[in-house]
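Notebook open, structure on screen.

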Amino acid sequence: MTGGTPAAGETLPGAGDDGDDAPERVVCHVDMDCFYASCERLRHPDLAGEPVVVGMGYEPGESIGAVATASYEAREFGVDSAMPISKALELLPRRVDAAPDDPDAPDPEETGRYLPVDLDFYEEVASEVKGVLRDCADTRREVSIDEAYLDVTDRTSWAVAGGGGGTDDDDGDAGSEAPPPSGAAGPAEARTLAEGYARHVKDRIEREAGVPASVGVAPNMSAAKVASDADKPDGLVVVPPGSVAEFLAPLPTADVHGVGPVTEETLAELGIETAGDLATADRDRLAEALGERGPELSRRAAGDDDREVTPTGLPKSLSRESALPTTADESTKRETVSALAADVARRARERGCLYRTIGIKAVEPPFDVNTRARSLPGPVDDPDLVEEVALDLLGEFDDARVRKLGVRVSKLDFAETDQATLGGFEAGDGGGRGHGGKRETRSEGGDGGKLTDWVDGPPDRDSDEAGSSADRERRGTDEGQASLGDWE
């Protein structure tokens with residue numbers, strides 16, 4: 001990996017020594033801009049500047065599925081993430097349906113390009129992004145395929161570039177009078193080394209992965225996240241220590257990290273409309289209305305957030321999915337599931353984990369999500385068993401029209417333990433390598449399927465992060481796209 005990133009424990013030239021006191025934390029929040037659409041533009045340059053809609057459960061020429069992500073050009077027509085494709089087509093017809101000579105056809109200038117989700121390709125691009133992040137920060141929290149926090153305190157500092165304007169004479173540490181936020185409201189009078197490092201990270205992502213990112217830089221996680229949203233797309237907003245409360249104060253409460261639509265409505269009923277209002281609100285009153293989250297949100301609105309950037313925990317499950325024509329026959333479906341099972345088992349073995357549950361997903365038109373799973377008596381690492389169980393579960397859908405199939409292993413065990421014997425498992429079926437284990441079934445029809453169904457997700461995501469992501473999806477204001485979990 002190229003790019004000249006300083007080694008761990010080093011800072012960019014000009015960053016001062018920490019001295020006896022711990023340095024002010026430097027946190028970057030990296031948010032990929034319309035990631036799925038950006039990936040499609042990477043391999044289809046002709047999509048640049050075009051309204052692009054990437055659909056989950058969508059096949060070209062059809063009108064079923066849901067919007068996984070919409071480019072900013074498509075959002076200008078009202079297309080939002082998680083919107084049904086049928087609704088999106090009403091707002092933004094397909095380009096292929098435009099006919100300049102047909103007065104009843106849509107105007108080509110008011111049409112967009114619709115593409116199906118290609119998770120395998122997005123994973124490839126995400127791995128490039130992840131490589132840059134790994135190289136640029138030793139401490140990372142990867143929230144989803146399009147979002148990560150970096151603690152780069154050991155790589156840079158809040159010192160002002162050139163050693164003037166807000167730094168002490170000799171030690172290079174940032175002084176008490178920090179420069180104003182930069183990036184959102186015009187250039188600051190002085191640029192910090194932290195800003196230069198964040199630009200370095202941002203430029204490397206675009207250069208090496210080929211996709212744009214917006215980056216927010218601040219002394220804490222919540223402010224960095226708000227900053228990354230402040231100048232999208234392809235933005236860089238820096239909020240130095242001492243200016244966080246001023247930066248947040250005029251923003252609506254919805255912009256405070258952790259405030260969703262319900263909380264926003266509750267705050268409005270209390271007469272709290274802005275982050276500044278929230279920061280100065282009576283915290284006992286907030287506790288009565290919102291519980292312990294109320295005072296915490298008030299502290300964040302005031303710029304006080306002492307959470308450390310901690311790595312995302314191990315995944316709860318590993319899965320792989322594949323779309324296929326609804327005309328696929330039984331043989332094609334079995335071949336698909338066999339390939340998916342082999343890939344999932346390989347990934348589990350590469351990560352050194354055992355699994356206790358094997359399952360499949362079958363999506364029937366229009367978007368009915370059905371999952372079937374079977375539990376084993378103990379954790380195993382057995383690729384043949386994954387395929388055998390998955391194919392057996394698939395039997396229920398031999399005669400069904402399916403548009404997507406998936407295989408998953410879950411209840412993962414990363415500890416160094418002996419594998420469970422299959423005796424009890426075999427005995428339950430009465431002979432051979434049977435499948436007499438407990439059967440767990442979940443079937444969702446109609447609108448029951450969600451964009452985030454059956455994707456590998458971190459088990460310990462902070463509740464406010466999860467809420468923020470869901471809030472974002474409901475509002476349709478940002479990516480709101482299906483997560484690929486651990487970015488691999």
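This is a predicted model: local features need pLDDT of at least 70, side-chain atom pairs count only at pLDDT 80 or more; totals for chains, interfaces and linings use all residues.

Before counting anything, I note that a contact here means heavy atoms within 4.5 Å. With that in hand, I looked at contacts with a separation of 6 or more: residues 24 or more positions apart account for 71% of them.

**Entry 1, the model itself.** The mean pLDDT of the chain comes out at 78, with 73% of residues at 70 or more. Over residues 165-177 the pLDDT stays under 50, and I find 22 contacts beyond four places in sequence for that stretch. Residues 482-488 are also below 50, and there the model has 42 contacts beyond near neighbours in sequence.

I get 15 helices and 13 strands. Of the 488 residues, 52% are buried. The chain exposes about 20,900 Å², and carbon and sulfur atoms supply 46% of that.

Which residues have the most contacts inside the largest nonpolar core? I find Phe35, Tyr36, Tyr122, Ile205 and Val217, in a core of 42 residues. Elements that give two or more residues to this core include strand E1 (27-32), helix H1 (35-43), strand E2 (52-56), helix H5 (193-209) and strand E7 (213-218). Helix H4 (119-136) is on that list too, and H4 gives the largest share, nine residues. Another core lies apart from this one; it has 30 residues, among them Leu340, Ala345, Ile360 and Ala362.

**Entry 5, strand E2.** Is E2 mostly covered or mostly open? Mostly covered: five of its five residues are buried. In a regular strand the side chains alternate between the two faces of the sheet, so I checked each side. Val52, Val54 and Met56 are buried on one face, and Val53 and Gly55 are buried on the other.

Next I looked at the partners of E2. With strand E4 (residues 113-116) E2 pairs in the parallel sense over four bridges, and Val54 stands opposite Leu115 there. With strand E3 (residues 66-70) E2 runs antiparallel, again over four bridges, and Met56 stands opposite Ala66.

Conventions: Residues are numbered from 1 along each chain as its sequence is written. Side-chain values use heavy atoms; hydrogens and water are left out. A nonpolar core is a set of buried Ala, Val, Leu, Ile, Met, Phe, Trp, Tyr and Cys residues joined through side-chain atoms within 4.5 Å. Buried means under 20% relative accessible area, exposed over 50%, partly exposed in between (1.4 Å probe, protein chains only). Two strands pair if DSSP finds at least two bridges between them. Accessible areas come from the Shrake-Rupley method with a 1.4 Å probe; for residues, only the protein chains shown count as cover. pLDDT is the predictor's confidence in each residue, from 0 to 100.
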